[in-house]
Structures are given as structure tokens and as C-alpha cells.
Amino acid sequence: MSDGQVLRGREKERELLDGLVTSARSGHSGVVVLTGEPGIGKSALLEHVSVEAAGCRVLRVAGVESEMELAFAGLHQMCSPLWDGAERLPEPQASALGVAFGLRAGSAPDGFLVGLAVLNLLADAAAEQPLVCLVDDAQWLDKASARVLAFVARRVAAESVVLVFAARPSDDDTWTGLREVVVHGLPLAEARALLESSATQSLDVRVRDRILGETHGNPLALLELPHLFSATELAFGPEARAPRSVTTRMEEGFRRRLMSLPEISRIALLAAAAEPLGDADLLRRATHDLGIDLAPALLPAELAGLVEMRETVGFRHPLVRSVTYWSAEPADRQAVHRALADVTDPLRDPDRRAWHRASASIGPDEEVAGELETCADRAMSHGGLSAAAAFLERAAALTAEPAVRVRRELAAAEAMLHAGTFEAALRVLAAARLAPLSDRERARADVLRAQIGFAVNRGNEALPLLLAAARRLESFDIEHALDCYLDALTAVLFAGRSAAGPRALEVAQASLGALSPASARKGDALLEGVSVLFTDGYASAVPLLRRSMDVFDSDDLSIDEGLRSLWLAAVVASNLWDDEAWNRLGMRHLEIAREVGSLSALPLALNTRVFVELFRGRLSAAAALVEEIATVDEVAESRLTPYGAIGLAAFRGHEDEAAPMMSAASKDVAARGEGIGVALTSWARALLCNGLGRYPEALQAAREAVASSERIGVLHWGLTELVEAAARAGELSAAIDACQRLSEMTHASGTEWALGVGARCEALVSKGDRAEVLFREAIDHLERTSARVEVARARLLYGEWLRREGRRRDARRELRSAHDVLRGMGLDAFAERARWELAATGERVRKRVDVARPELTPQEMHIARLAADGLTNQEIGAQLFISPRTVEWHMGKVLAKLGVTTRRHLRDALRTAFPESQLLSSS
């Protein structure tokens, strides 16, 4: 806390903050979150940064508790001075930001597009002059602004931007991962000096020591608490009283000081507390309507050190604002809000006017409720989901008509669901269910409850609710019912065999009963194919599944259809062993998710894409996607299990990397009842152990994968690993049983990939000439596919069989080929297994020694790949959620490491340095 112009006892904090500003002047970014209790000095440190930031442009914003429901209010406050630079943003970003701020019409922008726009807006401004952004009371920012600023803070790198946030400690994870500095109390000597400088009379030693002990060096408390003691206490020591926190004592002191003011001063101060912007002109007009002259009325509050009145009206501390507001009588608060509503421009600031009107309402008021609902529509169009939810919940509370109230409550719950505030959504949904509901409303409530359950705990909780909702909807909204059935089947896929309540067969039968021959929508074709898979089996479903896959593999696919069903269509392609369709559908899903900036779809699309690249043997491309997933998860606050990272570690055969992830994922998915997670993690463990030659462990894991799988998902992968593990572990009967189950699928599919895998597995349970014919047949089929890993594994198994048959020369040829390809692709465990086998034939093969090559980080590799594919810095930045300046910074390091000077030589340099990686052009 400052004493005159002196900031006492903050040498370390000042050194850190001064270093950030100095670094910004040198072209680097810096972020820090200052946390600490009220009054600890966070605001004083922000003021210090502002003073020290000579030559920098300083932007300031402060969160205000009453503004927490107004979407992008804080962000708008920060970015308004930079708005002229918005014309240089890419159009999607400029449009998203304009819509978010209510300056353009348009559909609700995705949060990450708004974040990317703000990042680039700050980066462009910082290119002209270092930028210092100071955010006080960050815990009270509206959620939309807080998320965007946290996104920006995590993405700044090579821009001359400093962001300093000051926030109270809380359980909110918005700022998690950012550098945090906890601001503690002043050292004892500094605290004593500050206390003595603030006391108006000499302190009894016991009083002084008690204050020092209670405040723990809190500067504001040291300045305020001496004024809370009576003259008797100051002279003779403290009176006996129940222990209270420092914050409580400060609040009491402010309340006591407030109560000593004239009534008109308290009303004027209350008006200032209810008006978040400190707009002095608006306050003058509001208090005039209350019969109060603002300046004279606030003078006693200014003299009491509670408020300052300049161009704006500012409180000494947020505690003063909250004490002023909540200690007032409800009737006084309503009167103040009514006056503020009357003088707030309904055209320039309709949302605040409506909020004031709502706060002034005593009971139900349909006019105000309707106005709030309009505000919610406006907030939704700006992307302010949390704000829309708040407006709708408040509108429902002011609604007398039960049917209208239920409609608003359901809309509020839906907005809360999309905003990710699941507990609040459940609370509002529970309130809605207390009223009589129509069939349509009950179905909508069931769907919302299921969607919340699916978001929190994929599968188990959602499935029965989705099924019930679909059945209820059939009689009056068949298309919505069919969509619910498709969602229910997706929930079945996630829940796997661990699903409670209705099982896959029940959902499938109900879906087929609802479908009609006239159903022509793409999703309906997918619904029919997957349903028949569960009712009649794989062979019967193949023609329908192939038709549904073809329907989605077309150019006339809408964005809504793609986001809703492309993931499931890609899963179907994988289960049909159609490698090319799997590649196209997965890529299309990813393209659509990126195009519209759907953070809910991106993690799933990227994880799916990882597995396409893994089976193609493009582990470098898969690693780049895993790096991108980490970025998206950070931005999207995704709870998706890191399947892509687990798969990559399993293919690499790196047990030290894979085992911790698999262990953590197994516990997580089992606790959530996410059967697909259990199956996929078990399959990955089986793959890992097969590569390491630990066949009994692989067999156990493969059995778990198969037991946890439904008919669609990873069952085919689990059976493939089970056959190999059982055959190598000497469990021939288990291998034969799994091979027969797999053969039914591979023959029904009939693709080159399916026939190749089927022949390879059958060869493992065959003998003599029959085995050799099957191995050669497997290799022949698989070489016609893009599944390079499958070909190499077939050659490895064939080589192992040849060695056991005593045909060492033939074995060496196959094993050498398998070893070179597996090592080149980065499947280290399988490559080492091939090396062991080669050694057993008498051929000495050295362990892999990596040749000297540039050491690119995963992000540098990803940027290099995209740049080599022809993307501009702006396009790369948009895909990776970083600014073009940061892309250019990384590119400078990439070119230097590769020893080239221009991008024209980048593609050749990458292929020379990483000949085996096939990292270019992931389409």
C-alpha cells in the first residue's frame, strides 16, 4: 500500500513487474496474476506498473460485481481505445468481435474467434508501442470477458504485451496455468511503520500489537483498523469481543463510517454503488430525480475517505461499494435502481436499463420480464451465453404466468448448459420441473438434463433421459425425436458395456420403430445403419452403414449436419476398415469444426484425426495434432480424455510416457462410466504390450478392451490385438475364438484393409503352407491401403513365422523390411521387436541411433508443416490460436534450425531433415 508516494515492502513484486515492462520494451510478452485478500495491496501494485510503464500504452479495466452478468462488458472497456485497429483484422475475427460488442449484426460468435481477434488487436497495437494491460478485481469480470482475457494471456508470446491481473483467491479455474504471485502482508517492520503513520493518536502497545497480529500486514487494514477502535480502546487496550476476520472488521468499519453520514449522502453513495461505470453525469441526473444534489451529498463521503468524485465517481475500495449496497434497505435499493433505469438511455444501453428495472421490481412484472428476455436474445446474438442465462433466469423470476415462466426457465437452463455452468443449469431445470409441464416441455427438459449429464459424465446418465425424450417427442416432433435417438446411440457408444439402464439393443429397436421409409435426412441414414448393427449384427448392417457413410462423404453436407454426425460417420468408416473414407470424413469434420470455430467439436475431431495419422504411420503429424489438442483443450476447457496422446504413446511403444497416461485415464473413465474410454485405453495398452513382446499382459488388456466395447467403436482393434497376443502367449483357443469373431466382420466388410487384417490374424492361428499363403495374402491386401503400420506389422509377423520355420534367409528379408519401415515411422517398440528377431536369425542390427537433426519443438514442427503446406502466418495463427507475430517468431527459429533462409526451401529442408516422418500435407 502506498504511503504518500512510497510503496512499502514490495521490492520483490516491484522487481518482477518492472521486469515485465522492461521485457515488453524489448519485444517480449509477460503475464502475471496477482492474488491476495482484499486490501492486501494488489491495486497499489497495478498503480505502480502504470506509473513505471513510461513509453508504453496502458489499458486499464476493473471488474465490477454488478456487471458480472453483462457479456463482454470488461473486454469492451479494454478494447474500446484500440477499436480503430479492428479494420486490420481478418474478416471472421473482426466480425466476431463486432458482434460480441454489439457493433455489428450477426449470429453468436464463437468464443475462440473473439479471443483470437483480441489477441491480434493487442498484438497489432503493441507493434506500434509496447502495451500494458492492467485488470483489477478480475474475479468480478463478466465470464465472457474473463475467458477471452485468459485465452489471450495463454497465447501471447512474441508480442510486446504485458497483462497483469489482480484477483482475490477463489476456486475459479479461469486463471489456472498462468503465472501467479500471491501478494502477502507487509513485513512486521513495514507494517508497524504504516500503522503508526496512519494513527491519529498514540497507540497503546497492546492495541498496536493486536492490530499487527490481526491484520497480518494487510495495508488497507492497517490504515483502517485504528479508526475502528474507540478512544477507550486506544488508550487502555481492546474490549473483549468475539474474534472476527480482518475483512469483517474492515466491513464493519466502513459500515460504521457509512452510518455516520447524513441520509442523503448514504442515498447518493448507494446510487454510485448501483451504477457500475461511475458515470458522474448519469448519477447527477438519477439523484436529481431522487431530490438530491450529487456533489454536496457526496462531500461528507469524500471527507470520510469512502469515495472520490472527479470525472467519474470511484470508491476507495470494492469493500466500500459492497458494504454500501448491501447494508441499504431493500426499498432504498429499489428506489435507486428505478431512478437509474429512468435516466439510462434505452437505445445506447438497453441491457443496463433492463437490469436496473429488474432490480427495482418488487414482484412479478411482465413488462420488465419481456424486456429482460429481449436482452437475453441480444446477449445470445453477441455470444454472451452467461449473460443470456442471467437475463432469462431473472425474467423467469419476474413472471407470474406459469407456462411463460417454465418457457423462460428452460431457455435459461439451455443457455447455462452452453455456457458450461452445469450446476446452475441443473438448479434452474429443477425449478422448472416443479411446475406442470406439457409433453413438449417435459421432453425438452429431459433432453437438457441428458445433455448436461453427457457433458459432465459421458454416457451413463444421459442415455435413459435421451431415450425417454425421444419416445415422448415421437408423437409431435418426429425429426427432433430421431435426432434424440441418434444422440442416444452416440451415448451408447461412449458408455459402452458399462451403460446403466437401457442398453444398445433397446435404443436401436426404438430408433428403427420411429424411422419411416420416407426418412431422407443424412442423419436418419446413419441412425438406421447403426441401429441395424445392434439389432441384426455386423453383416446385415454393412450395406446400410456403407450407404450412410457415402451420404456424409459428399459435397452438399451442411455445417449443422457435419457438426452433429460427422464424428459418428467417421467411426463407421473406421469400423468398416475403409481407410480412405475414414481419412476424408475425419478431415471434413475437422475442417468444419475449424471453419465455424466450434470448441465443443474441435477436441473430438482432432483426437479422431490423430488415429487416422497413426494407422498411416505418420507419427510426426499425429504428434503435431496432439500438440494442437493440448492448445484447444486449454482454450475450450475440454474434459475429453487425452485419447490421441495415449494412442501416440502406444504406437511409439514408449512405456514410460504411456503408462502414467493410461493409468490416469483408466481411473477417470471408469469413475465416469465411459465405456469407450475403458475399451480404448485397454486396446492401447494391448498394442503397447504387443510391441514390447509382453504377450500375457497384452492378452489381458485386449480381453478388457473387447469386453468393454459395443459393436461399434474399438471392438475390431481390440480383437486384432487379442489374436496376436493370444497366439504369441500360447493361448491358441482364445486366439481362434477371437479370429472367428473378427473374420465375420472382415469378410462382411470386404475392403482391402479388412481382408488384409483378417488374413494376417488367420495366419497366426494356422500352420504350414496355409499360414504362409495367408501371410502373403495379408501383405498383398494391406499394401493397397494407406494403413502403412498394418503392412509393416504383417511383415514382422511373417518374418517371425519364417524364422520359427527355420527359413532364416527368407525371414531376414521380411524382418529387415519391417524393421526399417517401423523404425522410420517411429514405432520404436515394434522396430525393436523386429531387431530382436533379426538377431535371432544371425543378422546383427545395431540399435537405433538418431542421426543429428534439427531439434524442433512440437509446436515448431506443426508450424513448419503448415507453412510448408502453403499456409500464411495469419492462417497458421488462426488454426493454432496464436498471433501472426508469434508465428513469425517461431518461423524464424525454424528456418535457423533447418539452415535455410526462406520458406521456398522449407519443404525440401523438412524432407531432408525428417525423411521418414511424412509430416507434410496431412489431408
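The protein chain holds 46 helices and nine strands. Helices (H or I, at least four residues) and strands (E, at least two) are DSSP runs, numbered from the N terminus. The model is predicted: local features need pLDDT of at least 70, side-chain atom pairs count only at pLDDT 80 or more, and totals for chains, interfaces and linings use all residues. Residues are numbered from 1 along each chain as its sequence is written, and side-chain values use heavy atoms, with hydrogens and water left out.

Of the 923 residues in the protein chain, 58% are buried. Buried means under 20% relative accessible area, exposed over 50%, and partly exposed in between (1.4 Å probe, protein chains only). The accessible surface of the chain is about 37100 Å². Carbon and sulfur atoms account for 50% of that surface. Areas come from the Shrake-Rupley method with a 1.4 Å probe. Contacts (heavy atoms within 4.5 Å) were also sorted by sequence separation. Among those between residues at least 6 apart in sequence, 69% join residues at least 24 apart.

Ala-698 lies in helix H35, residues 695-708. Ala-698 counts as buried because its relative accessibility is 0%. Leaving aside residues up to four places away in sequence, Ala-698 touches Ala-686, Cys-689, Asn-690 and Ala-725. Trp-683 is 15 residues from Ala-698 in sequence, and their C-alpha atoms are 8.6 Å apart.

Helix H36 (residues 715-729) packs with helix H37 (residues 732-749) at an angle of about 150°, their axes 8 Å apart. H36 is therefore roughly antiparallel to H37. Axes are lines fitted to C-alpha atoms, for helices over the stretch in contact, and angles run from 0 to 180 degrees between N-to-C directions. Angles under 35 degrees count as roughly parallel, over 145 as roughly antiparallel, 65 to 115 as roughly perpendicular and the rest as oblique. The contact of H36 with H37 comprises 13 nonpolar, two polar and one charged residue. Here Ala, Val, Leu, Ile, Met, Phe, Trp, Tyr, Cys and Pro count as nonpolar, Asp, Glu, Lys and Arg as charged, and the others, Gly among them, as polar.

Helix H39 (residues 768-782) and helix H40 (residues 788-804) meet at about 160°, with axes 9 Å apart. H39 is therefore roughly antiparallel to H40. Residues in the contact include Phe-775 and Ile-779 of H39, and Tyr-798 and Trp-801 of H40. By class, this contact has ten nonpolar, one polar and four charged residues.
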